[in-house]
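Trainee: Can you walk me through how the helices in this one pack? I'm new to this.

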Amino acid sequence: MMKQILPFLMLLMSVAAFAQDKKTEAKNVKGQETGETGDTIKLPEQDFFLLLDSDDVDLANNVPVHKILKDSLVFALLDDPGAATIDSLWQQELFESSLYMDLKDSLLNQEYNEVVFDDLPTDTLKLRLQKLNAKTPFNIEYNPLLENVIKSYLKRNKKGMERLMALSTYYFPLFEQKLDVYNIPLEIKYLAIVESALNPRARSRVGATGLWQFMFATGKMHGLDVSSYVDERMDPVMATEAAAQYLSTLYRVFEDWDLVLASYNSGPGNVSKAIRRSGGSTNYWNLRPYLPRETAGYVPAFLATMYIFEYAEEHGFQPPHPRTTYFETDTIHPKKMLTFEQISQVTGVEKEMLQFLNPSYKLDVIPYVEDESYSLRLPRNRTGLFVNNEEAIYGYTQALEEKKEETLPKLVQPESTVRYRVRRGDYLGKIAERYGVGVSQIKRWNNMRSNNLRVGQRLIIYPQKNSATAESSSSPRFYTVKHGDSLWSISKKFPGVTVQEIKNLNKMNSTRLKPGMKLKLSDG
């Protein structure tokens, strides 16, 4: 009996499968005839904008953010929408810049008293310095002063040094590539650590800016332009090219890399004066007493940094490993003005990552000016996505701007820069409102880590006539966590609110967030 039923059942299953295949095929044919594809979602324009503005956490989790408006259709881009460039912990490592001022202060206030560091015997240090001296063109001779500097650096904040080592995995390949072109010792890459702690937006008290700390005039001399939108001294590629040119010129003058370092810091004139005052010596250690105080600590700081990086493993440093490197990024040249917010929406690259990869754009806006070429650096797996959908992206951003009725400020040349002197009763919000800019912008332009001001302090401000671009200094009391948020990204949205303040207000013991969480942002 079973033998008779079994063939009949098999026949029924085959007929059902064939019918399902025909149904699917008919559906696909109908979709092709109507212009629909499996990746296309029909959505009225107004509903799409509601989707973008929605605070519905479940919706945000299930609908890709980077969708493009084109001919009233919304289509998901082909790249993996869930591909994360970096996690929030790595972002905090990348964007923490407090080490810059610490390193600068140490050059001026370095104490050369005896430092006890039992883990590094003097004989071991001498042997290691000999090895470094043999493979570099720098004069790395042992002396007690250099030993004290190295040992004092080893007693520093270990996590801070590990953060620099992590950052170096991104920047050093770029530096080495440029230095090699100009036949400059690759060890010069450590100079950027001494100069800026690898913070491309670092700004000194006298206005030196960027990874290589160019003054305005010196930057102009090497082709680095500055406007209200762009400061090319903060562009890692352009500034490194300029630094390599300048260093190469200095070497042609001094023919000694120790003196090149000293002149890079204090200027060739101060070094030539020191040579005269020393009786004609060209040995840095003989010239050191005749150099400015900061320069006297400059070369030892450079050599100590080189030693620590070259022998990091021997001293137990364990820097975090990056999930992106310089060679995993690529550049494109936008044909329209774009904001980082827009780019983030259409590519899925977080705004903080865009700021890290494109630090020269002071207002988080890439301008478009005829006869000028401004580039956008993206992770390599996002550049193809952008290029393949470029026209649709421009259409989307234009529609978005029209909806929000926002007008971007006109390009203002650096003559419009204001050097504001802080008066009694001033606070950042008051100053920001006066010039139509944001509190966070003032802090970024002046490399400020807090909102504190002192009477007489000088602030660099790029005033905007259009107050629509100014950020509000006030913060809402609560914030609902969205998919992809981190404490760092939330704090950047609200000027004056720090990660630590959010943690304190919400009694948080970790940085983990879940979509839908309500975070308290103020006590008001």
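Mentor: One term to begin with: a helix axis is a line fitted to C-alpha atoms over the stretch in contact, and angles between N-to-C directions run from 0 to 180 degrees. Keep in mind that this is a predicted model.

Trainee: OK. At what angle do the axes of α11 and α12 cross?

Mentor: Roughly 125 degrees, and the axes come within 9 Å. Helix α11 covers residues 236–254 and helix α12 covers residues 257–266.

Trainee: What do we call that arrangement of α11 and α12?

Mentor: Oblique. An angle from 65 to 115 degrees would count as roughly perpendicular, and one over 145 as roughly antiparallel, so α11 and α12 are oblique to each other.

Trainee: Is the crossing of α11 and α12 left-handed or right-handed?

Mentor: Right-handed.

Trainee: Which residues meet there?

Mentor: From α11, A243, Y246, L247, L250, Y251 and F254; from α12, W257, L259, V260, S263 and Y264. That contact has 10 nonpolar residues, 1 polar and no charged.

Trainee: What about α12 and α15?

Mentor: Helix α15, residues 293–310, packs against α12 at about 130 degrees, with the axes 9 Å apart. That pair is therefore oblique too, and α12 passes α15 in a right-handed crossing.

Trainee: And which residues of α12 and α15 meet?

Mentor: Among them are D258, L261 and Y264 in α12, and E294, Y298 and F302 in α15. The contact divides into 6 nonpolar, 3 polar and 2 charged residues.

Trainee: New topic. Which residues touch the most other members of the largest nonpolar core?

Mentor: F175, I188, W212 and Y264, out of 108 residues. W212 touches Y264 and A243, among others.

Terms used
Residues numbered from 1 in each chain as written. Predicted model: local features only at pLDDT ≥ 70, side-chain atom pairs only at ≥ 80, totals over all residues. Heavy atoms only, no water. Core = buried A, V, L, I, M, F, W, Y, C linked by side-chain atoms within 4.5 Å. Buried < 20%, exposed > 50% of the residue type's maximum accessible area, 1.4 Å probe, protein only. Contact = heavy atoms within 4.5 Å. Helix = DSSP H or I, 4+ residues; strand = E, 2+ residues; numbered from the N terminus. Parallel < 35°, antiparallel > 145°, perpendicular 65-115°, else oblique. Left-handed = near helix turned anticlockwise from the far one by under 90°. Nonpolar A, V, L, I, M, F, W, Y, C, P; charged D, E, K, R; others polar. Lists of a residue's contacts leave out its neighbours within four places in sequence.
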